[in-house]
Amino acid sequence: MTRSDHDSAGDRAFMAHALRLARRGLYTTDPNPRVGCVIVSGDEVVGEGWHERAGGSHAEVAALADAGAAAQGATAYVTLEPCSHHGRTPPCADALLKAGVARVVMASHDPNPAVAGQGEARLAAAGVSVTSGILDTEAATLNVGYMRRMRSGRPYVRSKIAVSLDGRTALSNGVSQWITGAAARADVQRLRARSSAILTGVGTVMADDPSLNVRATELGDVLQPLRVIVDSRLRTPVASRILTLAGETVVMTASTEPAARRLIEDAGVRVEAVAVGADGRVDPDAVLSRLAELEINEVLVEAGARLNGALLQAGLIDELVIYIAGSILGANARGMFAMPELSEMSQRPEFDLADTRRVGQDLRLTWKNRPDQGKRDQGKRE
């Protein structure tokens, strides 16, 4: 087994092709990772495939089927370590061995405890040459939620906020539609489509009556994300639009009031009680831990200042996607984060700018949480 620190241009080129294939599953593979595979004989691609949906063929199996007999003695480029266990499908490591590939080049190791190096070891023990680490950063980024869930026991949290130039999310009376333009709203549809769950608060449900579903037909047959409402006192109106749409909604609460619970459950919505924080409200860390148990990889937060503030204070926001419109709402309009006043600059949460781009007439800024702050992986399995 080798890890290439000076990988060849050819290896990188074929792995880049496998990553492009993997991205085709961006909206459809949950809860599985997005994986692509290319089979190469000499310098010729003889087979390719990607994982499309959970329960369907894994990327390696699809690529081997495409290659047929040409896979004998070939090299397989795969963006994630081949699995070595029986899950919804048989082990991909065994499929590669049966096809007679001579070499396997993989980008990332799979942190899933059911794999975790065992796929690589099985291949190497059978005499297959194995190289790892080719474009591993790019591959891990593509599966940032899966990697986080397997390593830390919680999903990757991305919070989307639309604001005015003065950082306001709504007028003082709560009206917020629409701060940003149509192009930005279409861009949010893509964020929703790649997410395993959309997380919001009951305040947003009561104020905006949002749908929080994927409506962009041009994205194809996407999986509808789980819609999650944080509702400490079970105030969600049963006539809310979010409860009536196709797909699944779950209400996470701190309430033990049986009548209020039955009212929501009678509307066909699951209600789950989770741990309570020091403030008597739902503990956001408990919500994320429960979502990880439900095999949720990426969470998109579309909520108001209270929930965003609670997540920020707990160090649970991994990424901020801020859409800035060219308008001013004024000092009395609502802000992004409800949190206690800071007394020292050292107390401020900090994020690193990762991306800047224009979306229609608006500006989209992506900020990543600094790895040395927040709860991110504290006390979790590594």
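Colleague: What should I know about the numbers before we start?

Modeller: Residues are numbered from 1 along each chain as its sequence is written, and side-chain values use heavy atoms, with hydrogens and water left out. In this predicted model, local features need pLDDT of at least 70 and side-chain atom pairs count only at pLDDT 80 or more, while totals for chains, interfaces and linings use all residues.

Colleague: Why is α2 called roughly parallel to α3?

Modeller: Helices here are DSSP runs of H or I, at least four residues, and strands are runs of E, at least two, numbered from the N terminus. Helix α2 spans residues 59-67 and helix α3 spans residues 92-99. Their axes cross at roughly 20 degrees and come within 9 Å. Axes are lines fitted to C-alpha atoms, for helices over the stretch in contact, with angles from 0 to 180 degrees between N-to-C directions. Angles under 35 degrees count as roughly parallel, over 145 as roughly antiparallel, 65 to 115 as roughly perpendicular and the rest as oblique. So α2 is roughly parallel to α3.

Colleague: Which residues make that contact?

Modeller: E60, V61 and L64 of α2 and C92, A95, L96 and A99 of α3. Contact means heavy atoms within 4.5 Å.

Colleague: How do you know that the buried residues of α3 lie on the same side?

Modeller: C92, A93 and L96 are buried in α3. Buried means under 20% relative accessible area, exposed over 50%, partly exposed in between (1.4 Å probe, protein chains only). They cover an arc of only 110 degrees around the axis, so they sit on the same side of α3. The arc is that of the directions from the helix axis to the C-beta atoms.

Colleague: What covers the buried residues of α3?

Modeller: The cover includes α2, β4 (75-80), β5 (103-108) and α4 (118-125).

Colleague: Why is α3 called roughly parallel to α4?

Modeller: The α3 and α4 axes cross at roughly 20 degrees and come within 9 Å. Therefore α3 counts as roughly parallel to α4. On the α3 side, A93, D94, L96 and L97 meet G119, R122 and L123 of α4.

Colleague: What makes helix α6 mostly covered?

Modeller: Helix α6 runs over residues 144-152, and eight of its nine residues are buried. Among them are V144, Y146 and M150.

Colleague: What comes just after α6?

Modeller: G153, with a positive phi of about 75 degrees. After α3 comes G100, whose phi is also positive, near 80 degrees.
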